[in-house]
Each structure stands twice: as C-alpha cells, then as structure tokens.
Amino acid sequence: MLQSLLRWLFPHPLLTVLMAISWILLQNEFSAGMFVFGIILGIVIPIGTARWWPDRPQGFRGGKMLSYTLLVIYDIIVANIHVAWIVLTKPNSKMKPAWVEIPLDLKTPEAITLLAGTITLTPGTVSADLSDEGHSLLVHALDAPDPAAVRDEIKTRYERRLMEIFQ
Amino acid sequence: MIAETFLPLAIAFFLCVGLLFTFVAAIGLLKLNDGMTRLHAPTKAGTLGIGSFLIASVLHSFLMGEPSMHELLVIGFLFVTAPVTANFIAKVNLHTRSCDMPDAPSVDTTWSTLDTPEVDKVIASNE
C-alpha cells in the first residue's frame with residue numbers, strides 16, 4: 001500500500017530531486033519557500049509526464065555514479081590538454097583520423113546514452129552512430145594510429161564502470 | 001581577507017584557461033580540413049573552455065558579494081546537450097556521405113543512419 005503510494009508520488013525519484021535542485025538554482029536564492037515550491041514542482045512534473053517515460057532504470061547505483069562523474073571530469077581535463085597539443089603541433093597530413101567500432105555489452109538505453117555522451121565529452125573522440133540493432137557504437141577518433149587501442153580503452157575505462165552502475 | 005586576495009587570482013586563472021581552450025578550438029576549426037575532424041574542435045571548447053568561463057563567473061559573483069549559482073545550471077545543461085548536437089552533425093555527415101565512410105559493423109548489418117527502408121529506395125529509384 002505504502003509502496004504503491006510512494007511509487008505513484010515519485011515515479012522517477014531522481015527526476016524529482018533534479019527538478020527541485022534546478023528550480024532552486026534558477027531562482028538564485030535559497031529560502032524555505034523556494035525549497036517547498038521546488039519539491040512541489042519535483043512531484044507534479046514527473047507525475048504529469050510519467051506515462052511518456054520508459055520504465056525507470058533498475059538497480060541504479062548512485063555512489064558509483066558519483067565516482068564515475070569525477071573520473072570523467074578528470075579525463076576531460078587531461079584529454080583536452082592532449083588534444084589541444086595535437087591541434088597546435090601536428091600537421092594535418094600526419095593526423096590519422098579513424099572510425100572505431102565499439103561492440104556494446106551494455107543493454108539499457110540509459111547506459112548506452114551515458115556512454116555515448118561520455119565519449120563525445122572526452123576530447124579526441126565523438127560518438128557518431130549506433131548499428132541498426134543497437135549492438136555496436138560508431139566512434140570517430142581525431143588522431144588514432146591504433147584504433148584497437150582506443151576501443152579497448154573505452155571498453156575498460158568507461159563501459160566496465162557503467163556496467164557496474166546499471167546492473 | 002584571504003578571499004579578497006585569492007579570489008581575483010582564481011578568477012584570472014579560470015579566465016585564462018577558458019581563453020586558451022576556446023582559442024585552440026577556433027584554431028582547430030580553421031586548421032582541420034575535413035568535416036568529421038572539424039567536429040572535434042568546437043565540442044571540446046564547449047566543455048573545458050566555457051566551463052572555466054562559467055566557474056570564473058561564479059567566483060566573481062561571490063567576490064562582488066552577490067552569490068550566483070545560475071552558472072552551474074548552464075554547465076549542467078551544456079554537458080547534456082553538447083554531445084547531442086555533435087551526434088546530429090556526425091549523423092548528417094554520414095547521411096550525406098560527405099566524409100570517409102566507416103566499415104559496416106561486425107555484429108549487425110549496417111549503421112542506423114545508413115539504414116534506408118525498402119520503401120524509400122523504391123521511391124528514390126522512381127524519381
């Protein structure tokens with residue numbers, strides 16, 4: 001009974017939290033009234049839009065997600081410097097852009113979206129396309145003399161962690 | 001007291017970092033010579049370059065005594081939307097075949113952007 005009520009009130013608990021936080025940040029001031037109104041928005045909007053949403057992802061691990069976010073931010077900074085160096089010093093003729101195919105072990109759409117977003121945000125690689133049945137991801141690398149190494153790095157560094165977050 | 005000495009330094013540091021990376025992105029956009037490699041430059045400026053500008057802006061608002069956290073929201077939205085834009089530009093490149101084409105995937109039959117339905121092929125052949 002209580003469980004079904006909670007499930008009705010919070011169809012997507014994380015979305016509720018996100019809505020409340022964005023509302024408070026948008027108002028740019030923190031007061032009790034703003035907080036309560038943020039919570040109200042966070043309850044009403046997910047309920048109103050719940051029927052258009054897919055099921056909420058099962059077994060999402062918040063703690064692992066946090067450490068994953070920190071890792072990605074660190075990688076963005078390191079790789080940005082690396083790519084800036086390539087852009088400034090390497091002549092176009094010596095650059096070896098390559099398409100890299102990444103066979104996916106991830107199944108849930110949320111996890112695949114996160115992986116594709118991570119790949120684009122980290123410099124040097126842009127995710128371009130999925131295969132028609134969604135079993136592999138097409139990635140374009142700016143300068144990859146060895147495409148297999150890029151594939152292995154993405155698989156061990158990001159996909160393995162995402163598997164742990166979503167399963 | 002400490003804040004008044006170190007905050008301006010931190011602001012200057014973040015502004016310089018942002019400037020550096022946006023500048024490199026602009027150079028990259030001019031220098032690189034192919035649709036797909038060019039795509040790499042602006043998506044990168046969008047993350048670290050604009051991120052540092054916005055952090056500098058947050059610090060400046062604290063220094064001025066009017067704390068503002070709007071910028072964090074901007075960073076959040078930027079990080080969510082930038083990959084989508086890059087993905088769509090890449091898809092257009094693939095769709096118009098204006099770049100080197102990738103090999104077919106090893107698991108499935110083709111890439112989804114290149115997957116033309118039979119009906120469309122019939123229409124195209126009739127025109």
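The mean positions of the 6 positive and 11 negative charges of chain B lie 8 Å apart. In this count Lys and Arg are positive and Asp and Glu negative, while His and the chain ends are not counted; each charge is placed at NZ of Lys, CZ of Arg, CG of Asp or CD of Glu. The model is predicted: local features need pLDDT of at least 70 and side-chain atom pairs count only at pLDDT 80 or more, whereas totals for chains, interfaces and linings use all residues. Residues are numbered from 1 along each chain as its sequence is written, chains are lettered from A and ligands numbered from 1 in the order in which they are written, and side-chain values use heavy atoms, with hydrogens and water left out.

Chain B contains 4 helices and 0 strands, where helices (H or I, at least four residues) and strands (E, at least two) are DSSP runs numbered from the N terminus. The radius of gyration of chain B is 22 Å, well over the 14 Å that the globule rule gives for 127 residues, so chain B is more spread out than a compact globule. This radius is taken over C-alpha atoms, and the rule is 2.2 Å times the number of residues to the power 0.38. Along its principal axes, the C-alpha trace of chain B spans about 75 × 30 × 30 Å.

Of the 127 residues in chain B, 35% are buried; buried means under 20% relative accessible area, exposed over 50%, and partly exposed in between (1.4 Å probe, protein chains only). Chain B exposes about 7,600 Å², and carbon and sulfur atoms supply 71% of this area, as computed by the Shrake-Rupley method with a 1.4 Å probe, only the protein chains shown counting as cover for residues. Among contacts (heavy atoms within 4.5 Å) in chain B between residues at least 6 apart in sequence, 52% join residues at least 24 apart.

Within chain B, B:H70 belongs to helix 3 (residues 70-95) and is partly exposed, with a relative accessible area of 32%. Leaving aside neighbours within four places in sequence, B:H70 is in contact with A:L25, A:L26 and A:N28.

Chain A is assigned domain 1 (2-52) and domain 2 (62-166), with bounds from an automatic or database domain assignment. The centres of the two domains, taken over C-alpha atoms, are 32 Å apart. A:L9 is placed in helix 1 (residues 2-9) of chain A and is partly exposed, at 25% relative accessible area. Apart from neighbours within four places in sequence, A:L9 contacts A:I43 and A:I47.
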